[in-house]
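Work through the exercises below with the sequence and the model at hand. Each task is followed by a solution in steps.

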Amino acid sequence: MHNKERLGTIGVFLTALIWGYSFVAVKVVVQEIEPFYLVGFRNLAGGIFLSIIFFKKLIKTTKRDILLSIPVGTALFLGFFLQTMSSKFITASKVAFFTGSYVIFIPFFSWIVYKKRPHIAAFIAAIITIIGLYLLTSFDGFGSIKAGDSFALLCAIVFAIHLMLIDKMLEYVDGIRMAALQLIIAGTISFAVGIITSTPFNINAVSSESIYSLLYLTIGATGIAYLLQTVSQKYVNPSKAGIILSLESFLGALAGIIFMKDPLTINFIIGGICMVAAIFICEIGSNMKKSDS
């Protein structure tokens, strides 16, 4: 079991690494492709990619598997849509830090669902996160919070719910099936909303740089990463999985600064340190809670 947990932990970390760069890829693509189509394409194509690789497993999908995957896929669509919308307005590194804050919500959602009070560290981490988010938005006060900041914060809340849903549904649905189904559901919803709302889509306006970034998002950050996350998370405690996955915020911010030349202000540095510190305080708390019980 220890070996499986170690491999699971490595798998979850690799997922965070792949996702880290995806913030830059989204920032590139969202300038040319509208969010509904970007989310739709990356998820649907990622789901089809997994379905082809694991065809023998997917062919045995039952009606129950599909029904249980609908809430997971819906949460995934919402999380991705909010994240993609925020990328239209704010820098890749800022989106990365905001998205990473979802780990702070997990202990509180677990408290609501499982009636288990979080460790004191979760409360400390939440306060540090609020300070970090305040610095990342700006020093001008909460009145200056822009649409991009609001989308990014809502995205973090939705991703925390998504992680909780995966943890629950994995008791009833095979991990690989869940990975493919949630992507297909999220992609289908996104395309449908894009068509219903008549969101424009012009294939001729898409540059080769955006196509390469879209391929990375589809196969790497969606197909491979979600397979890794779903299979690995089975062997890792949800709080621990959340902590490791949230390292993507630090890796994403780093990618934004290196590849997109995002500004490196003192607010950004201190805010980022607060976010990463909160993540690790939360992890220490969840480990202490496990050793107490």
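**Exercise 1. Cysteines**

Is cysteine 274 buried or exposed?

Solution. The model is a predicted one. Cysteine 274 has a relative accessible area of 14%. Buried means under 20%, so cysteine 274 is buried. Apply the same cut-off to cysteine 155: its relative accessibility is 0%, and cysteine 155 therefore counts as buried too. Then look for sulfur atoms within 2.5 Å of each other; the count comes to 0 disulfides.

**Exercise 2. Two aromatic pairs**

Classify the ring pair of phenylalanine 80 and tyrosine 226, then the pair of phenylalanine 105 and phenylalanine 109.

Solution. A pair of aromatic rings is described by the distance of the centres and the angle of the planes. The structure holds 13 aromatic pairs. For phenylalanine 80 and tyrosine 226, the centres are 6.0 Å apart and the planes stand at 65°, so the pair is edge-to-face.

**Exercise 3. A helix contact**

Describe how helix α5 and helix α8 pack, and list the residues that meet.

Solution. Start with the geometry: α5 (residues 92–100) and α8 (residues 147–169) pack at an angle of about 35°, and their axes are 7 Å apart. The crossing is right-handed. On the α5 side the contact uses Lys94, Phe98 and Thr99; on the α8 side it uses Asp149, Ala152, Leu153, Cys155, Ala156 and Phe159. Sorted by class, the contact of α5 with α8 has 6 nonpolar, 1 polar and 2 charged residues.

**Exercise 4. Surroundings of one residue**

Which residues is phenylalanine 41 in contact with, leaving aside its neighbours within four places in sequence?

Solution. Phenylalanine 41 is in helix α2 (residues 35–53). Its relative accessibility is 37%, so phenylalanine 41 counts as partly exposed. With those neighbours left aside, phenylalanine 41 is in contact with Gly46, Phe191, Leu214 and Thr218. The C-alpha atoms of phenylalanine 41 and leucine 215 are separated by 9.8 Å, although the two residues are 174 residues apart along the chain.

Key. Residues are numbered from 1 along each chain as its sequence is written. This is a predicted model: local features need pLDDT of at least 70, side-chain atom pairs count only at pLDDT 80 or more; totals for chains, interfaces and linings use all residues. Side-chain values use heavy atoms; hydrogens and water are left out. Rings of Phe, Tyr and Trp (its six-membered ring) pair if their centres lie within 6.5 Å; planes under 30 degrees apart count as stacked, over 60 as edge-to-face and the rest as tilted. Buried means under 20% relative accessible area, exposed over 50%, partly exposed in between (1.4 Å probe, protein chains only). Axes are lines fitted to C-alpha atoms, for helices over the stretch in contact, and angles run from 0 to 180 degrees between N-to-C directions. Helices (H or I, at least four residues) and strands (E, at least two) are DSSP runs, numbered from the N terminus. A crossing is left-handed if the near helix is turned anticlockwise from the far one by less than a right angle, and right-handed if clockwise. Contact means heavy atoms within 4.5 Å. Ala, Val, Leu, Ile, Met, Phe, Trp, Tyr, Cys and Pro count as nonpolar, Asp, Glu, Lys and Arg as charged, and the others, Gly among them, as polar.
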